[in-house]
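Reader: Could you walk me through this one slowly? I am new to reading structures.

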Amino acid sequence: MKIFTGAQIHELDTYTIEHEPIRPIDLMERAAKAVTRVIAERWDTRTPIVVFAGPGNNGGDALAVARMLGEQGYQVSVYLFNIHNKLSDECSINKKRLGDGRRVKDFIEVTLDFDPPRLDAQTLVIDGLFGSGLNKPLSGGFASLVKYINQSQCRVVSIDLPSGLMTEDNTYNIRTNIIKADLTLTLGGKKLSMLLADNQHYLGELRVLDIRLSQEYIQRTPAQFVIAEEQEIRRRLLTRNEFAHKGQMGHALIIAGSYGMTGAAILATKACLRSGAGKVTVRTPKRNYAIMQISVPEAVLQMDHEESYFSEPVDTQPFDAVGIGPGIGTQEHTAIALIAQIRRSQCPIVIDADALNILANHRAWMQQLPKGIIMTPHPAEFDRLSGSTSNGCYDRLSKARDLAEHLGAYIILKGHYSAICLPDGNVIFNPTGNAGMATAGCGDVLAGIITGLLARGYNQADACVLGAYLHGLAGDLAERELGQESLIASDIIKYLPKAFIKITE
């Protein structure tokens, strides 16, 4: 699913109007019917409704919804804000249609003074003030109205976007001047700001309404941001030859675990094995021998000569992929061994957890990273890695994109809708996963999955996209049976086979 910019969304509307063809007012009517249908499904005619409409096309949508709800017997009060005495063409048409129909309880056009209505817990507010065309923070009277709505106990349905929220970059937005919706009915497709964690409490429940925008435009127009879809994931899958043997399924090396952090090595190794690698070797300190041998008998152990930490690089000639970092610690001997390992590795590399923290402490080493390296930071790790304090999720995403391009790397910025930043500047968002996965060890599992897929024969892009999707899907399958509160990292490994089965069926 492509995520278009605000400019592209406008182009898509225009292209649909010109090539369907359909009149702009009829396209607006189509959108309003979709919005009205959802509202009528959720709230009955006893619900008092207050509609706030702005002067643009978002306001036109809201006026059309008000008319349709009035025709169905709802008690609707409408406030149209026309401060500058300038309405969009479609908003003007819907204003006239609303007046002609005389189906709403009250219609007030606000041109100067505004006496706000009483909003209580029984009231449903339809927010149609501003949609995807907004490019600056709300101020003045509109900001005051937003605060008034947010401070009330009413429920709010926003059309397309909560008013005040911009389509993409809200880094310097005024957060108190954004509507906090209970339900956002976005038209055509998700917007970039809807995928970022710091905007979620404005959206409430999010539903995408299909208003039949031009598929021709959608298919032929490139987008820098996309959401991975199951059909695309399925196309990336490799098939396993019936006569295959373990030597053809790849040999992965996992470098993980210091003394006291053996669990990270166990999780990464098990996840690597469950991802289809024919053979997995684990490099870990001597004191981890017994627990590793017992916990993961399928793995080959290669013990570091030090008792409690990773201290020297490994010859990677026998291996098809290397995953390094979970639980290795950040002491200086390990740091030196890490950069030596990265320099001498001749196969694809995944670096995670403490390996990222070491690089954050030795940022000059970043220039020595090979092209195609895969990095899997969570937000705090990325902020340390990039050497700056983020101004929010959009700012962090932009920096991750820039760093991926600069290094020729693949950076998976982890979280809900993990962002896979590719070396060409494009970003693929992963749609699977849930809040139950916010628990220690889940990152170790992801690093193991991606390393296993690389060893299995996937290229870096496919390993990242497929690995993130499977990781989240396994978490979703686990959540269905175990719930979110009790989900732990090893559950993801346990449900990984079911995730593979689901996407191959």
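Reader: How do strand E2 and strand E5 pair?
Author: In this predicted model, strand E2 (residues 49-53) and strand E5 (residues 124-128) pair in the parallel sense over five bridges, where strands are DSSP runs of E with at least two residues, numbered from the N terminus, and two strands pair if DSSP finds at least two bridges between them. Residues are numbered from 1 along each chain as its sequence is written; local features need pLDDT of at least 70, side-chain atom pairs count only at pLDDT 80 or more, totals for chains, interfaces and linings use all residues, and side-chain values use heavy atoms, with hydrogens and water left out.

Reader: Which residue is the bridge partner of Val50 in E5?
Author: The partner of Val50 there is Val125.

Reader: And what is the order of the strands in the open sheet?
Author: Seven strands form that sheet, in the order E4-E3-E2-E5-E6-E7-E8, with parallel pairing. The edge strands, each pairing on one side only, are E4 (106-110) and E8 (205-209).

Reader: New topic: how many disulfides does a search of the whole structure find?
Author: The search finds zero disulfides, a disulfide being a pair of cysteine sulfur atoms within 2.5 Å. For Cys464, which is in no disulfide, the nearest cysteine sulfur is that of Cys421, 10 Å away.

Reader: Is Cys464 buried or exposed?
Author: Cys464 is buried, because its relative accessible area is 0%, and buried means under 20%, exposed over 50% and partly exposed in between, using a 1.4 Å probe and protein chains only. Cys154 is buried too, with a relative accessible area of 8%.

Notes:
Helices (H or I, at least four residues) and strands (E, at least two) are DSSP runs, numbered from the N terminus.
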